[in-house]
Amino acid sequence: AALSGVIWAGAKLFKSGGKAPAAPVEAAPPTPEVPPPAVALEVLENVQEQIIPDQFVVPGSTVIKAGEDGFLAFAPDATGAGLLISRSTLKESAQGKGVGQELLLKAAELAQKKGLPLHSDDSVTVAQLRVYEALKRKGKIDFEYANPAAVKEALEGGIRTQPVKGRGHSVVTNIRLVSSP
């Protein structure tokens with residue numbers, strides 16, 4: 001009986017019409033698993049009124065909402081030469097799921113499009129610092145700490161809600177996207 005169809009030989013795919021394998025044909029790569037959709041974010045520019053109950057947002061802020069899970073707001077700093085993250089909140093049920101990272105990445109992207117540096121406010125919790133650190137380890141953002149020793153001490157202490165105070169200055173400065181090679 002003549003063979004016809006497709007013959008697998010090692011990692012190569014051969015076409016066969018009943019004869020010895022012809023020239024190798026590259027196999028189609030396996031279909032990659034589709035990653036879960038990124039967090040759906042809504043960007044609201046130049047917000048003038050309180051749109052999130054019980055959360056003060058500086059008038060003129062850009063607010064990035066992750067549905068009901070949380071938000072991040074930033075506004076021009078006092079000099080107008082940079083953008084300052086003035087508020088970020090994440091529901092406990094959304095923590096550890098990448099929502100905070102998506103919010104911060106979007107803020108960095110918007111700041112880059114505006115051509116302005118992005119900075120944190122003068123109080124950042126250990127949980128928030130861990131979001132910055134995770135994105136830096138992944139090679140997605142870069143930044144500087146105004147007081148690296150205080151940040152190191154807080155991260156080593158590990159109390160999630162413990163704030164690092166910048167005493168009137170941003171704790172995390174020059175938050176920026178890392179360009180892809």
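**Exercise 1.** Determine whether Glu45 is buried, partly exposed or exposed.

*Solution.* Step 1: buried means under 20% relative accessible area, exposed over 50%, and partly exposed in between (1.4 Å probe, protein chains only). Step 2: Glu45 has 44% relative accessibility, so Glu45 counts as partly exposed.

The model is predicted: local features need pLDDT of at least 70, side-chain atom pairs count only at pLDDT 80 or more, and totals for chains, interfaces and linings use all residues. Residues are numbered from 1 along each chain as its sequence is written, and side-chain values use heavy atoms, leaving out hydrogens and water.

**Exercise 2.** Identify the salt-bridge partner of Glu45 and locate both residues.

*Solution.* Step 1: a salt bridge requires a side-chain nitrogen of Lys or Arg within 4 Å of a carboxyl oxygen of Asp or Glu. Step 2: the side chain of Glu45 meets that of Lys114 at 3.3 Å, N to O. Step 3: Glu45 is in strand β4 (residues 42-47) and Lys114 in helix α1, 69 residues apart; helices (H or I, at least four residues) and strands (E, at least two) are DSSP runs, numbered from the N terminus. Step 4: Lys114, at 40% relative accessibility, also counts as partly exposed.

**Exercise 3.** Describe the salt bridge of Glu144 and the network to which Glu144 belongs.

*Solution.* Step 1: Glu144 pairs with Arg176 at 2.9 Å, N to O. Step 2: Glu144 lies in strand β10 and Arg176 in strand β12, so the bridge ties together parts 32 residues apart in sequence. Step 3: through shared partners, salt bridges join Lys136, Asp142, Glu144 and Arg176 into one network.
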